[in-house]
Structures are given as C-alpha cells and as structure tokens.
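Hi,

Here is the structure I promised to pass on to you.

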Amino acid sequence: QVQLVESGGGLVQPGGSLGLSCAASGNIGSINNMAWYRQAPGKQRELVARIFSDGTTNYADSVKGRFTISRDNAKNMVYLQMNSLKPGDTAVYYCNGDIRPEDAPYGYNYWGRGTQVTVSS
C-alpha cells in the first residue's frame, strides 16, 4: 500500500520561512510527477507547485519566486521550501503524487492527509 505523509507545517510570522516534506512509502514501483496543493478555509484546493520526473517544475503565480519544490528520488521524498510567507499562504498543504505500485502495470494518483501552515503575527 502506497502512502504519502507530510511533515513540517506549523505557525510562522509574516515574512518568515517554513519547509515542508513529503515521504512516499510502501510498495513503490516508480514515482512520476509530484506536487503540493493547498486549501484555505472556504476555498477550493489549488495547485501550489509541481515537479515532473525529469526535474522540471512549475508554480502557481501567487508563489513564484517565494516557494521552491524539489525532490530526492533516492529517498522517495518531495519538499517545499516556502520563503517570504504571507497571511494569504495560510492553508492545509497536501502532497500529491502519481505513483505506480510495484505489482501494478500503471500508476495511481495519491494524496497525503495534509499539514497545516499558519502565517500570522
């Protein structure tokens, strides 16, 4: 069973930094694209950043220049470094990945349970 588990959320002051981690575990055959989404209260879940298997990245306009997504394929990890945080970044952040289990001919899309990020003074 494949699982994604986020860590690193918390409370940070405006202008501060926070790093999120996502660990993929289980019977993993291969990992394709990985991404971070977020959902603020009363809003729809939105894509924050995505990293493709070749390392190519893309970002939501609202976080460009402030957030950086990266991955460590050897450790089955994906990270999100968030700098210059704003109150508007407050949300639950979810890890998402396209992962093929070892015993499957194709991949599935998986979600973590999320980690809360609160930006407030």
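Below is what I found in it, starting with the whole chain and ending with a few single residues.

First, some housekeeping: this is a predicted model, so local features need pLDDT of at least 70, side-chain atom pairs count only at pLDDT 80 or more, and totals for chains, interfaces and linings use all residues. Residues are numbered from 1 along each chain as its sequence is written, and side-chain values use heavy atoms, with hydrogens and water left out.

The protein has 0 helices and 11 strands (DSSP runs numbered from the N terminus: H or I with at least four residues for helices, E with at least two for strands). Its C-alpha atoms fill a box of roughly 50 × 25 × 25 Å along the principal axes. Of the 121 residues, 40% are buried; buried means under 20% relative accessible area, exposed over 50% and partly exposed in between, using a 1.4 Å probe and protein chains only.

Now the inside. The largest nonpolar core has 30 residues. Such a core is a set of buried Ala, Val, Leu, Ile, Met, Phe, Trp, Tyr and Cys residues joined through side-chain atoms within 4.5 Å. W36, L80, M82 and Y93 have the most contacts inside this core. Among the strands that each supply at least two of its residues are β3 (18–25), β8 (77–82) and β9 (91–101). In general, nonpolar side chains tend to be buried together in soluble globular proteins.

Leaving aside neighbours within four places in sequence, Y93 is in contact with residues including L20, W36, L80 and M82 (contact means heavy atoms within 4.5 Å).

N76, between β7 and β8, has a positive phi of about 55 degrees although it is not a glycine. S84, in the loop between β8 and β9, also isn't glycine and has a positive phi near 50 degrees. Both are partly exposed, N76 with a relative accessible area of 26% and S84 with 39%.

Cheers
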